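Hello,

Here is the structure for you to look through. My notes on what was found in it follow below.

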Amino acid sequence: MAAENGDLRLVSLTKRFGIFTAVDDLSLTIPQGGFFALLGASGCGKTTTLRMVAGLEEPTSGKVQLGGRDISRLRPYKRPVNTVFQSYALFPHLDVFENVAFGLRRRGIGDIRAQVERMLALVQLEGYGKRRPAQLSGGQQQRVALARALINHPQVLLLDEPLGALDLKLRRQMQIELKRIQTEVGLTFVHVTHDQEEAMTMADTVAVMNAGRIEQLGAPAEIYEFPSTPFVANFLGQSNLLAGQVAGRSGDDILVSAYGSRFSVPAARCRAVDGDVYLGVRPEKLHLAPDSDSVPAGHQWVTGVVSDSSYVGVSTQYLVRTPWGTEVSAFASNAGVLAQVPLGAHVVAYWRPDHAFLLGREAGAG
Ligand code: ATP
């Protein structure tokens, strides 16, 4: 992709600590004005990537470009980039106003009141200017940290697990708030998180990282509905992955042998079309019926016995043990009449072929 003015590009970015490779030849383009999430488990290299963009870590090789300009050699404070950390890093002895004003004062800008007040309004902290950080809640402190970073008008705002210290409810509120602020200011946000729901709620593009590399990059719905590797399928929510082998093709469908049966998956939903594969179906796409006669036409199914159920409010999660010992998971919506299926019931778990996906078994960890 050609770099547009303002795009952030990472070019073959690599970071080694001794013999350990934390970030491995990573290349990607983050469009200007986008909300981009780097999602991955602890230790996969997210923070190291962010630190290289900020200039806090020197790449072993590769480049960071912003709007076509190589910024890899610039000192951190010379980069048009600001970072918000999980720890807020506010100055405890300064009040909220002075914390937000800090960057402007350091640059010798005189008339700052209007700018600081505009920033406090943006993060919904009007009237809090005289408070000290210790007199604020965690969510409010995080808003101050955000205002302090935004007032410098960076081209890119880096957010390193900024909501990690907040409780779940506040975290969800702040996710919506951050998204609103990003839309309002129109800056590029690069957000690092290990929370898949957080990444999917806020970002327009998510990069799933594993062992220093990008496993998949795309819009949240795209990577959730059609993951490219077993790792991504399992990292983003739950996935039923049935091990099988490709047995041929019929028209636009790939045929798969698994558990003594034949299943078909539309070729457009297949990442692999031969060899050992996983047939994947998300639990909410799997439905239960008492027997195969009750399965709607055009669907496919496996038989089994309900081995576990958990009521979770909006849905009930069932585990169905197949005759091959594998358990599949199905979420049944509780939106209609609540009719719980008892443990030990013989059922069929069925799905639409175009709701399934096919993955190569060798692609990433299952
Ligand atoms: P977390 O979510 O836990 O912060 P992360 O995905 O952000 O994880 P990084 O902090 O980027 O991961 O670390 C990636 C790997 O590099 C880890 O295995 C870490 O131990 C290692 N690492 C990071 N910094 C250093 C360092 N200064 N020296 C040696 N190894 C390091």
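**A helix pair and a sheet**

Helix α2, residues 96–106, packs against helix α3, residues 113–122, at an angle of about 120°, and their axes are 10 Å apart. Please keep in mind that this is a predicted model.

Angles over 145 degrees count as roughly antiparallel and those of 65 to 115 as roughly perpendicular, the rest being oblique; α2 and α3 are therefore oblique to each other. The crossing in which α2 passes α3 is right-handed.

Which residues make the contact? On the α2 side they are Phe97, Val100, Ala101 and Leu104, and these meet Gln115, Val116, Met119 and Leu120 in α3. Sorted by class, the contact of α2 with α3 has seven nonpolar residues and one polar residue, with no charged residues.

The other item is a sheet. Strands of a sheet pair through backbone hydrogen bonds, in either a parallel or an antiparallel sense. Here the sheet is open and has five strands, in the order β13-β12-β11-β14-β20, and the pairing is antiparallel. Its edge strands are β13 (261–266) and β20 (357–360), each of which pairs on one side only. From one strand to the next, the twist averages 45°.

At the β13 edge, the partner is β12, residues 253–258, and the two strands pair in the antiparallel sense over six bridges.

Regards

Definitions and conventions: Residues numbered from 1 in each chain as written. Predicted model: local features only at pLDDT ≥ 70, side-chain atom pairs only at ≥ 80, totals over all residues. Pairing = 2+ DSSP bridges. Helix = DSSP H or I, 4+ residues; strand = E, 2+ residues; numbered from the N terminus. Axes fitted to C-alpha atoms, helices over the stretch in contact; angles between N-to-C directions. Parallel < 35°, antiparallel > 145°, perpendicular 65-115°, else oblique. Left-handed = near helix turned anticlockwise from the far one by under 90°. Contact = placed C-beta atoms within 7 Å. Nonpolar A, V, L, I, M, F, W, Y, C, P; charged D, E, K, R; others polar.
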